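Dear colleague,

Please find the structure below, together with its sequence. My notes on it follow.

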Amino acid sequence: MMAFEQIPKKDWYSILGADPSASVSDLKQKYQKLVLMYHPDKQSADVPAGTVEECIQKFIEIDQAWKILGNEETKKEYDLQRHEDDLRNMGPVDARVYLEEMSWNEDDQSFSLSCRCGGKYSVSKDEAEEVTLISCDTCSLIIELLHYH
């Protein structure tokens with residue numbers, strides 16, 4: 001069996017045929033439509049066994065996608081992970097910075113740090129606990145956020 005890290009990550013949005021910006025109610029509609037289409041009980045008896053098996057696999061994937069995207073907490077975690085994966089694919093990390101090295105902004109409850117391009121890296125107080133990569137708002141540089149343990 002393959003190691004867990006090698007398993008390609010599934011795009012739960014594409015499984016539901018949805019855009020990542022879709023609302024939970026839109027996601028639910030797509031889920032319900034697909035579940036009816038692929039439900040094992042809805043498959044006709046004269047369909048080849050292999051096709052039935054594919055439908056069951058698709059049904060299971062659709063159900064997994066909804067379990068993640070239909071819940072606000074797991075959807076938020078998944079979206080953050082997708083964002084980090086996107087950043088990781090953009091390029092190498094320019095610097096590793098401890099949260100304590102960033103400036104605290106009381107007005108918008110966020111941490112920020114100036115980038116060498118003149119732009120800035122910023123992260124909200126809540127996101128600071130969950131994200132590890134932050135992109136500059138002006139250029140393509142990325143910093144990795146470290147935490148003292």
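Confidence in this predicted model is lowest in helix 4, at a mean pLDDT of 84, and highest in strand 3 (residues 110-114), where the mean is 94. Over residues 1-7, the pLDDT falls below 50, and that stretch has one contact in the model beyond near neighbours in sequence. For the chain, the mean pLDDT is 85, with 92% of residues reaching 70 or more.

Helix 4 covers residues 72-90, and its length can be checked. At the start of helix 4, a side-chain oxygen of asparagine 71 comes to within 2.7 Å of the backbone nitrogen of glutamate 73. The buried residues of helix 4 are Lys75, Tyr78, Leu80, Glu84, Asp85 and Leu87. They pack against helix 1 (12-15), helix 2 (24-38), helix 3 (49-69), strand 5 (133-135) and strand 6 (142-146).

In soluble globular proteins, nonpolar side chains tend to be buried together. The largest nonpolar core here has 16 residues, of which Trp12, Leu16, Leu27, Tyr31, Ile62 and Leu69 touch the most other members. Helix 1, helix 2 and helix 3 are the elements that contribute two or more residues to this core, and helix 3 gives the most, with five. Leucine 16 touches Leu27, Lys30, Tyr31, Leu34, Ile62, Ala65 and Leu69, when residues up to four places away in sequence are not counted. A second, separate core of 15 residues includes Cys115, Tyr121, Ile134 and Cys136.

Phenylalanine 59 lies in helix 3. Is phenylalanine 59 buried or exposed? Its relative accessibility is 19%, and a residue counts as buried under 20%, so phenylalanine 59 is buried. Leaving aside neighbours within four places in sequence, phenylalanine 59 is in contact with Val35, Tyr38, His39 and Pro40. Phenylalanine 59 and tyrosine 31 are 28 residues apart in sequence, and their C-alpha atoms are 9.9 Å apart in space.

Finally, there is one annotation from a record. In an unreviewed entry, UniProt lists residues 93-148 as "domain: DPH-type MB". In the model, residues 93-148 are 7% helix and 45% strand, and the end C-alpha atoms of this span lie 19 Å apart.

With kind regards

Key: Residues numbered from 1 in each chain as written. Predicted model: local features only at pLDDT ≥ 70, side-chain atom pairs only at ≥ 80, totals over all residues. Heavy atoms only, no water. Buried < 20%, exposed > 50% of the residue type's maximum accessible area, 1.4 Å probe, protein only. Helix = DSSP H or I, 4+ residues; strand = E, 2+ residues; numbered from the N terminus. Contact = heavy atoms within 4.5 Å. Polar contact = N/O pair within 3.5 Å; in protein donor to acceptor, adjacent residues only side chain to side chain. pLDDT = per-residue confidence, 0-100. UniProt positions renumbered as here; feature names shortened; annotations may be inferred. Core = buried A, V, L, I, M, F, W, Y, C linked by side-chain atoms within 4.5 Å.
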